[in-house]
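Have a look at the model first.

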Amino acid sequence: MKINIFVLLMVSIPFFANSQNSTYDQALADSLGADDYGMKSYSLVMLKTGGGNIDDKAEVDSLFRGHLDNISRLAEAGKIIVAGPLGKNDKNYRGIFIFDEQDKAKVAELLQTDPAIKANLLAYDIYNWYGSAALPVYLETHSKIEKIRP
């Protein structure tokens, strides 16, 4: 009897482990580039303090204004889908970007359009990241709840 219960459990595991989603939308999944798990690969950028040192506050302010404008431009172009600052930390991380691009060289090219990075006020590390393929569609909703644009 113990063997029969064991066999029954072993046969049942694959059935429960791979259940189908009744609300699955093939067209939406395809349009977002989703795999069978609703996921896809992105590039995660960790922004950190760069080695540049500019004493002129007006110039630094202008470079960071350009940094924010560049984020908006890249978001409108569908290149960057998540961007935001980090709180103080011991790693000197300043913020994150998630690009809808897997090629690190292409991401590095896009990062060079950022004035704060070009001036070496910010540096970065690029990582492959696997996350929900639905990330790009949250931006449309965000634009509807954003009262003040940076």
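## Sheet and cores

K48 stands opposite Y93 in β3. That places us between β1 and β3, an antiparallel pair held over six bridges (strands pair if DSSP finds at least two bridges between them). This is a predicted model, where local features need pLDDT of at least 70, side-chain atom pairs count only at pLDDT 80 or more, and totals for chains, interfaces and linings use all residues. Residues are numbered from 1 along each chain as its sequence is written, and side-chain values use heavy atoms, leaving out hydrogens and water.

The sheet is open and antiparallel, with four strands in the order β2-β3-β1-β4. At its edges sit β2 and β4, each pairing on one side only.

| Strand | Residues |
|---|---|
| β1 | 39-49 |
| β2 | 80-85 |
| β3 | 93-99 |
| β4 | 122-132 |

Now for the packing. The largest nonpolar core has 16 residues, and V45, L47, F97, F99, V107 and L111 have the most contacts inside it. Such a core is a set of buried Ala, Val, Leu, Ile, Met, Phe, Trp, Tyr and Cys residues joined through side-chain atoms within 4.5 Å; buried means under 20% relative accessible area, with a 1.4 Å probe and protein chains only. Helix α3 (57-76) gives the most to this core, with four residues. Apart from it lies another core of nine residues, among them Y42, M46, I98 and L135.

Key
Helix = DSSP H or I, 4+ residues; strand = E, 2+ residues; numbered from the N terminus. Buried < 20%, exposed > 50% of the residue type's maximum accessible area, 1.4 Å probe, protein only.
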